[in-house]
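My notes follow, in the order I looked things up.

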Amino acid sequence: MKILLVEDEDRSVRQAMAGIDAAAPGAFVTVVGSRDEAVKVLHTEGFDLIVCDLRIPPYAASADISDRHGLAVHTEARESCPGTPIVFLSAFATPRNTSTPLSFGGTQNVFGLSGYPMVQLIEKDDLDRFEALVRALFSALTSLDTSCQVLSGDVEDDMFLRAVRIYAKQISMSQAEIHAMPGGLSNAPLGRVSFSSTQSGRANVFMKVVSFADAESETLRFQEFVPNRLQGANFAPSLPPITAGLRGQAALISNLADGCDSLFGILRTSDLKAAEAVKALKIATTPWEHAVDPAPTRLGDLRKRRINNDKLETLNESIEEFRAIESCEIAMKSRICHGDLHGENVLVTPDGRPILIDFGDLGPNAAPLDPVTLELSIIFHKAGPARSSAWAESVDWASWADLETFAAGSPFESFIRECRGWALQQDSPDSVYGMAYAHSIRQFKYSDVNRAIARAIALSASRSIGRGA
């Protein structure tokens, strides 16, 4: 348990530490003595509990002791470390103008404690109440480790594992098995989780732990573009997120049907079934298409939105050979795109129905983005099936734009053809090649991607611009 203690008086620090040691043995406590020190720490670390003297100085050695500065810590904590309980200690009666803002914290489910007040005020002399409060949180947090047996696989993120245990407690499950998923563009910890219990049955969810800001943004875009436009059978419906007890982060949760496999999983066993799933996905996302006149887009600008020149320089990568082509303009259509479409973000039911998950990059974008990134995910994504194939070693990646030469004989031929056909249905060949060029150059930033392959695809795509399909 990580606790931030904001207290400027040595005697009060000793008292609070004695209470914490008694109630939460082994807790890691960071002690600071002023508003500014507290704000600085909150900017860089997450905590499970914040304990703050209400009347503190703004900075070390200042004589301006005031509850204004304690309230400033409260404001900063709500901003930088949302979902973290705060306990204010006070040796003075609390006036209305102080108690009112402190009452805005409301209650949340913290470590399985439902209806827990997020902001509480305790008199400094009431050590028994302080210890009881800390003990209740500590007990709830430590009980998470024993209330649910978690098979974590390769997942090591502490807050993801905690979110799994909190959710298991909320839905009365005693076991959880995590199927780790390699992160996409956000690199956030995520995975499919299967919960079970002899009393409560089974439940399957997709879970992702992100910052509060990212969670809010993704939730808003999901509400705007998904349930109102796509058929409910083609996306994982969202469940109430976990917004407390994750050190300033939030867990987004979606419900999943039994028996789903990822599109990559399907592709490993059946190229034809994977192609059929892509065809069904193309139809399912048709409502995201809208009639917008193509807009002229410089190829260089398209690439810079994905990886800029400064980043390329830090990677010691040169795109000098592409300078001339980057000045060309392509008329590109737009549509609503998933934005991070790869074979792990598409689940497939046993009857072949595709289900989209993970909407962190959802929004308007270049029309061919989704099918292009889906096709190339077989080699660019960490879990891409082509990475471990003999075909990847033998194929000429510089022939990528020539579909007949590139795909012929591939173990993923049907999948590639379906993705390429979908892309060309969305926009012109130049737009598809431009998208493939920008997406391939972007891969330079990922250390696990074979840059020679990315460069070869970028070269093939760029050379095909202006030549038609």
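I started with an open sheet of six strands, ordered β8-β9-β10-β11-β13-β12, with mixed pairing. For my own reference, strands (E, at least two residues) and helices (H or I, at least four) are DSSP runs numbered from the N terminus, and two strands pair if DSSP finds at least two bridges between them. The edges are β8 (149-151) and β12 (238-242), each with a single partner strand, so one side of each has no neighbour in the sheet. I noted that neighbouring strands here are turned by 25° against each other on average, direction ignored.

Housekeeping: this is a predicted model, where local features need pLDDT of at least 70 and side-chain atom pairs count only at pLDDT 80 or more, while totals for chains, interfaces and linings use all residues. Residues are numbered from 1 along each chain as its sequence is written, and side-chain values use heavy atoms, leaving out hydrogens and water.

Next I zoomed in on β10 (residues 190-197) and β11 (residues 201-211), which pair in the antiparallel sense over eight bridges. S194 stands opposite N204 in β11.

What lies across β11, β12 and β13? I found helix α7 (residues 212-225) there, running at about 115° to β11. Contact means heavy atoms within 4.5 Å; axes are lines fitted to C-alpha atoms, for helices over the stretch in contact, with angles from 0 to 180 degrees between N-to-C directions.

Then I looked at a second open sheet, three strands in the order β14-β18-β19 with antiparallel pairing. Its edges are β14 (261-262) and β19 (354-356), each with a single partner strand, so one side of each is left without a neighbour in the sheet. Two bridges join β14 to β18 (residues 346-348), and S262 stands opposite L347 in β18. Helix α9 (residues 271-284) lies across β18 and β19, at about 55° to β19.

On to a helix pair: α17 (residues 429-442) and α18 (residues 451-464) pack at about 155°, axes 8 Å apart. That makes α17 roughly antiparallel to α18 (angles over 145 degrees count as such). Residues that meet include Y433 and Y437 in α17, and I457 and A461 in α18.

Last, I checked salt bridges (a side-chain nitrogen of Lys or Arg within 4 Å of a carboxyl oxygen of Asp or Glu) and found 25. One joins E9 and K124 at 3.6 Å, N to O. E9 lies in the loop between β1 (2-6) and α1 (10-23) and K124 in the loop between β7 (119-123) and α5 (127-147), so the pair ties together parts 115 residues apart in sequence.

Technical notes
Angles under 35 degrees count as roughly parallel, over 145 as roughly antiparallel, 65 to 115 as roughly perpendicular and the rest as oblique.
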